[in-house]
Amino acid sequence: MAAAERQDEAERSSIKEAARARLRRHDVGGRFSGLPLPKASVLLPLMVRGGELCLLLTVRSMQLRSSPGEVCFPGGKSEAEDKDEIDTALREAKEEVGLQPEEVEVICRLVPGIDKRNHLVTPVVGFIEDTFQATPNPDES
């Protein structure tokens, strides 16, 4: 590995470690999981690109009935097979943009909000590789 590549990797690691430490201070774990509302989760996929912390967003297809054309995070409603909010976010990211669950380093769950359909939406934060290339599902995006 060349010196420049080692320097880039060290910088990337430093940025990720600082972000991990800050985010973990805000981790709510499963504290809100028992609330009696329908559940949903979104994945906030972080990556380090060009020495900066970046966030991957998606744009919903104009053909969708719900919120067409909106910029959003990959995510959606919980299903019976999801064991928790993290499972929901990872499953939805896989369905929507082809992000494999094992390619996500989950950092934390943040305080959920309530959406316009009265779902408790939990943000799940995780790192992905900066080389990730989304493969949008036309039925989902």
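1. Two residues are said to be in contact when they have heavy atoms within 4.5 Å of each other. With neighbours up to four places away in sequence not counted, Glu 85 touches Ser 33, Ser 41, Arg 109, Thr 122 and Val 124. This is a predicted model, in which local features need pLDDT of at least 70 and side-chain atom pairs count only at pLDDT 80 or more, whereas totals for chains, interfaces and linings use all residues. Residues are numbered from 1 along each chain as its sequence is written, and side-chain values use heavy atoms, with hydrogens and water left out.

2. Glu 85 belongs to helix H2, where helices (H or I, at least four residues) and strands (E, at least two) are DSSP runs numbered from the N terminus. Is Glu 85 buried or exposed? Glu 85 is buried, with a relative accessible area of 8%, given that buried means under 20%, exposed over 50% and partly exposed in between, for a 1.4 Å probe and protein chains only. The side chain of Glu 85 also makes a polar contact with the side chain of Ser 33, at 2.5 Å; such a contact is a pair of N or O atoms within 3.5 Å, where within protein one must be able to donate a hydrogen and the other to accept it, and residues adjacent in sequence count only if both atoms are side-chain atoms.

3. Helix H2 covers residues 85–97 and spans 18 Å from its first C-alpha to its last, close to the 18 Å expected, a value found as 1.5 Å times one less than the number of residues. Because 10 of its 13 residues are buried, H2 is largely enclosed by the rest of the structure. These buried residues pack against S1, S3 (58–59), S5 (75–77), S6 (105–109) and S8 (120–127).

4. At the start of H2, a side-chain oxygen of Asp 84 comes to within 3.1 Å of the backbone nitrogen of Ile 86. After the helix comes Gly 98, which has a positive phi near 75°.

5. Strands S1 (residues 39–49) and S2 (residues 52–55) pair in the antiparallel sense over four bridges, where pairing requires that DSSP finds at least two bridges between the strands. Leu 46 has Leu 55 in S2 as its bridge partner. The two strands form a hairpin with two residues between them, and Gly 50 in the turn has a positive phi of about 60°.

6. Val 71 lies in strand S4 (residues 71–72) and is exposed, with a relative accessible area of 57%. Leaving aside neighbours within four places in sequence, Val 71 is in contact with Leu 57, Thr 58 and Val 59.
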